[in-house]
Amino acid sequence: MQKDRSFLDKIYLFIKGIAMGAANKVPGVSGGTVSYVFDFYEELIYSFRRINIDAFKLLFTGKFKSFYKYTNGQFLTLVMGGSIFSYFSVSLILDYFLKHYELYVWSCFFGMIIGSIYYIGKDFGKWSRVSFVFLLIGISLGLAISFLKPATENDNLWFVFFCGIIGVSGMTLPGLSGSFILILLGNYVLLLVDSVNVFFNIITNVLTGNFEVLSDPIKIRYLKIISVFTAGSAFGLVTISHVLGYVLSKWNKLVNAIIIGFIAGSLGIVWPWKKTIYVKKDNIFQTDIAGNKIVENYERYLPEFYSVETFTAIFFIFLGVGLLLALDYYDKKYRN
């Protein structure tokens, strides 16, 4: 599974990691879909599966080069490095456009997912009755998740650990948005907004020599939460990858059918025309640490067809589809 890559291939893989990182941050969009469309999903699962007991034996005995090679370290460094870089760059730009041009961003995502269904479905081969049934199962699951009612926030550390396992699924399961699942579990703001902001505040203070923050019980609470969440994410990443690697090797066709269905079902989550519903208490909007209103859910609606806004949104849907068709064209040209 490990590949020899040219310098340009490494840059391209880093850019793919950036795209996956940006997708993972947006509720409703799956980084796993990006890895699937960009054709590095199976290598991603393979590499995560290599993080096992044998890998830790190499690490703890000081065989760092062997550990790096065994875990497909070059690939993981480029992809995960791109994802982390994305969090501090591209995803911030994406946040800006979501804030000011929300409808058009969702429209583009909607089109890209439609395009990705074509992109990954065209190489599926012959569809049997069984694979078609699994496709319908995937669509049904994706749609069912789209319309679930979110739970309330829960900072119990065992539940936070569970959220880490589930939240990381967006990286390993195409069509399943880890961020959106965390909204449904009620802990999106707690884990991906408040805890992250407090963590970076602690890091900034410690690096500037201010260690008083470590005696702040509120900050320590958030530090515990993000530590447990990170541990759950790492545990989930490895365990889910092992399960997926096994089922892909045994039932590749059926797993791919359910993944395609899941991606199709996720269209319900990224439906562009939706009104954001924010959390209220005593008729007052609740905010996170940064002062942003907390998202509770989305109320979907049908647009007014004869309006400039709707036609512009439809244009962005076609733009999203076009981007994937261009990727398909490039892929064919690159392979030939």
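Here are some questions and answers about this predicted model.

Me: How many salt bridges does the structure hold?
Reply: Let's go through them one by one. R221 pairs up with D155, their closest N and O atoms being 2.8 Å apart. D216 pairs up with K219, and there the closest N and O atoms are 3.7 Å apart. For the structure, that gives a count of 2.

Me: How many residues apart in sequence are the parts that R221 and D155 tie together?
Reply: R221 sits in helix α14, which covers residues 217–250. D155 is in the loop between α9 (129–146) and α10 (157–167). So the pair ties together parts whose separation in sequence is 66 residues.

Me: Is D155 buried, partly exposed or exposed?
Reply: Buried needs a relative accessible area under 20%, and exposed needs one over 50%. The relative accessibility of D155 is 36%.

Me: Which element gives the largest share of the lining of the second largest pocket?
Reply: This pocket has a volume of about 800 Å³. It is lined by 30 residues, with A19, C108, F109, M112 and L323 nearest its centre. Elements giving two or more residues to the lining are α1 (7–25), α2 (31–37), α7 (90–100), α8 (102–121) and α16 (308–335). The largest share is 7 residues, and it comes from α8.

Me: Is S233 buried or exposed?
Reply: S233 lies in helix α14. Leaving aside neighbours within four places in sequence, S233 is in contact with G164, I165 and V168. Its relative accessible area is 15%, and the cut-off for buried is under 20%. That makes S233 buried.

Me: How far apart in space are P174 and G186, C-alpha to C-alpha?
Reply: P174 lies in the loop between α11 (169–172) and α12 (178–184). At 2% relative accessibility, P174 counts as buried. Its contacts beyond four places in sequence include Y36, Y41 and F262. P174 and G186 are 12 residues apart in sequence, and in space their C-alpha atoms are separated by 22 Å.

Me: What value is phi of N72 near?
Reply: Most residues other than glycine have a negative phi. N72 is found in the loop between α5 (64–70) and α6 (73–87), and with a relative accessible area of 4% N72 is buried. N72 is a residue other than glycine, yet its phi is positive, near 55 degrees.

Notes: Residues numbered from 1 in each chain as written. Predicted model: local features only at pLDDT ≥ 70, side-chain atom pairs only at ≥ 80, totals over all residues. Heavy atoms only, no water. Salt bridge = Lys/Arg side-chain N within 4 Å of Asp/Glu carboxyl O. Helix = DSSP H or I, 4+ residues; strand = E, 2+ residues; numbered from the N terminus. Buried < 20%, exposed > 50% of the residue type's maximum accessible area, 1.4 Å probe, protein only. 1 Å grid on protein atoms, 1.4 Å probe; cavity = no way out; pocket = protein on both sides within 12 Å on 5 of 7 lines; lining within 4 Å. Points joined across faces, edges and corners; volume = space filled by probe spheres on them. Contact = heavy atoms within 4.5 Å.
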